[in-house]
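Try each task by yourself before you read its solution.

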Amino acid sequence: MLAFAMANVNRPMWPALAGEFLGTAFLVAAVVGSGTMAERLASGNVALVLLANSFATGAVLVTLIFTFAPISGAHFNPVVTLAMCVERVFRWRDLPQYVVSQVSGGGLGVIMAHAMFELPLIQLSTRARSGGGQLVSEFVATFGLILVIHGTSKRAAVVPLTVAAYISAAYWFTASTSFANPAVTFARGLTATFAGIRMSDVFPFVVVQVIAAIAATLVFRRIRNPHFEVTDAD
């Protein structure tokens, strides 16, 4: 989740896109798979399921960010890429390719999780996640995530830890359990497991996540330096 700009225009784009695809796939597989495993083992204890789900998500985020940061920046999240574009440390023309890689990777992650637990590979979720509290939660979760990324991005060594810690905590302090990621949100619409979300609730979540990411970027830019200026990354 670092600012990754293609400084060398001759550098091929496919390794970065592959990194985003694989990283998002394994992130979603961990979210869906850990929720499924925990639900099977917890005997109906939802708090224990959520604890296992949040721990697994945080743990896999640390490892995936360390693994793919040198290759793609380890965004794994369209709103992270969008925030980097708003800051002009990532090229706008590369945004669509990143988003496609992230969303398709998320879809693969769901299929991977379902295959491992011998479930139908694609299933539409019926888990309702609607209402004002859910949308406020997604705004708070996404806003905070982008603040954390901007605030720690100059210290690359700590980013995997701060992002993973924030997401693990946000599982518990937000009513929505902190999706904060359009690619993951869409992918979780394709699973009827504990991690699922109804497809009718996906679009409102994504809209709020995009708004929160832009707002957090502009707010952090302002509070970091009232006279901050950026240079275009073409």
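The exercises below look at a helix, a surface patch and some salt bridges in this predicted model.

**Exercise 1. Work out what span helix H6 should have, and compare it with the distance between its end C-alpha atoms.**

Step 1. Helix H6 covers residues 159-173, which makes 15 residues.
Step 2. The expected span is 1.5 Å times one less than the number of residues, so H6 should span 21 Å.
Step 3. The end C-alpha atoms of H6 are 21 Å apart, which agrees.

**Exercise 2. Find which residues of H6 are buried, and what they pack against.**

Step 1. Use the cut-off for buried, which is under 20% relative accessible area.
Step 2. In H6, the buried residues are Val 159, Pro 160, Val 163, Ala 164, Tyr 166, Ile 167, Ala 170 and Tyr 171.
Step 3. Looking down the axis of H6, you will find these buried residues within an arc of 160 degrees, so they line one face of the helix.
Step 4. Their packing partners are helix H1 (14-41), helix H2 (46-72), helix H5 (132-152) and helix H7 (182-188).

**Exercise 3. Is Leu 108 buried, partly exposed or exposed? Say which surface patch Leu 108 belongs to.**

Step 1. Leu 108 sits in helix H4 (residues 95-116).
Step 2. Its relative accessible area is 31%.
Step 3. Together with Ile 111, Leu 121 and Ile 122, Leu 108 forms a nonpolar patch on the surface, and the accessible area of the four residues together is about 300 Å².

**Exercise 4. Trace the salt bridges of Glu 87, and find the network they form.**

Step 1. Recall that side chains of opposite charge can pair when their charged atoms come close.
Step 2. Glu 87 and Arg 221 meet in a salt bridge, with 2.9 Å from N to O. Arg 221 lies in helix H8 (residues 199-224) and Glu 87 in the loop between helix H3 (78-86) and H4, so this pair links distant parts of the chain, 134 residues apart.
Step 3. Glu 87 also forms a salt bridge with Arg 224, where the closest N and O atoms are 2.9 Å apart. Arg 224 is in helix H8 too, 137 residues from Glu 87.
Step 4. Glu 87 counts as buried at 8% relative accessibility, whereas Arg 224 is partly exposed at 34%.
Step 5. Shared partners join Glu 87, Arg 221 and Arg 224 into one network.

Methods
Residues are numbered from 1 along each chain as its sequence is written. This is a predicted model: local features need pLDDT of at least 70, side-chain atom pairs count only at pLDDT 80 or more; totals for chains, interfaces and linings use all residues. Side-chain values use heavy atoms; hydrogens and water are left out. Helices (H or I, at least four residues) and strands (E, at least two) are DSSP runs, numbered from the N terminus. Buried means under 20% relative accessible area, exposed over 50%, partly exposed in between (1.4 Å probe, protein chains only). The arc is that of the directions from the helix axis to the C-beta atoms. Contact means heavy atoms within 4.5 Å. Patches are made of residues with over 30% relative accessible area and no salt bridge: like charges are joined within 9 Å, nonpolar side chains (Val, Leu, Ile, Met, Phe, Trp, Tyr) within 5 Å. Accessible areas come from the Shrake-Rupley method with a 1.4 Å probe; for residues, only the protein chains shown count as cover. A salt bridge is a side-chain nitrogen of Lys or Arg within 4 Å of a carboxyl oxygen of Asp or Glu.
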